[in-house]
Amino acid sequence: MAVTYFKRGKPAADRQAADSQVQATVAAILADVRERGGEAVRELSARFDQWSPEQFRLSEQQIQAVIATLPQQAIDDIQFAQAQVRRFAQAQRDAQRDVEVETLPGVILGHKNIPVNQVGCYVPGGRYPMVASAHMSIVTARVAGVQRIAACTPPIRGELPAATIAAMHFGGADEIYILGGVQALAALAYGTDEIAPVDMIVGPGNAYVAEAKRQLFGTVGIDLLA
């Protein structure tokens, strides 16, 4: 019987060449941001996303104006989903109990669950907003007790992603930046004149974001490498 292939994978040589190209591109972007900071971030954002606002961080007024454009049903759906995530995350946190025991007179042993101080949550955009990524990173960080949550998401075709911004706000983000791609992760890791560096970066992304997380591991904490 003849075998019909609906789709074939790329040859190994092509995959290796693509991986090398991604690695080199990411390394160059990270080096540029590390050396030139906010100036490089702004140039990269303009090049890749055609986005160069006066400030990448949204003000409270801007956030409220964006949320006001959403239908009430969308807001209700976001808040409902986050309530479920928050409830389960709290149950998980409550199950992780601190322990302190005196095994011998004067010998006290134990462990404590201490949240990371500052986290950067990356919420990808692409063709469509990834609202659930805000639920699963920002809400859980807030439940864990993280003191500062900085959230980044790219513009979508030059527009503010209203549903994602609403999810970031309702989830508990302290700072919301409209900034995407490798340059967003570099800004979170190294810091710029506008964005203070964080201790850990979480959230999914495309091949370039995943590679940036791999190369930044050690400079900051990373949740996982897909």
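Residues are numbered from 1 along each chain as its sequence is written, and side-chain values use heavy atoms, with hydrogens and water left out. Because the model is predicted, local features need pLDDT of at least 70 and side-chain atom pairs count only at pLDDT 80 or more, while totals for chains, interfaces and linings use all residues.

**View 1. Q50, a residue with positive phi in a loop.** Let's start with the backbone. Most residues other than glycine have a negative phi. Q50 has a phi near 50°, a positive value, and is not a glycine. Look for Q50 in the loop that joins helix 2 (38-49) to helix 3 (60-67); helices here are DSSP runs of H or I with at least four residues, strands are runs of E with at least two, and both are numbered from the N terminus. Q50 has a relative accessible area of 61%, so it is exposed. For all the views, exposed means over 50% relative accessible area, buried means under 20%, and partly exposed lies in between (1.4 Å probe, protein chains only).

**View 2. R157, with positive phi in another part of the chain.** The phi of R157 is also near 50°, again positive in a residue other than glycine. You will find R157 in the loop between strand 4 (148-153) and helix 6 (162-171). Its relative accessibility is 68%, so R157 counts as exposed.

**View 3. A salt-bridge network of D32, R36, E39 and E43.** Side chains of opposite charge can pair when their charged atoms come close. A salt bridge here is a side-chain nitrogen of Lys or Arg within 4 Å of a carboxyl oxygen of Asp or Glu, and the whole structure holds seven of them.

**View 4. The salt bridge between D223 and K213.** Here the two side chains meet with an N to O distance of 2.7 Å. The pair links distant parts of the chain, ten residues apart: D223 sits in the segment after strand 7 (221-222), and K213 belongs to helix 8 (residues 207-216).
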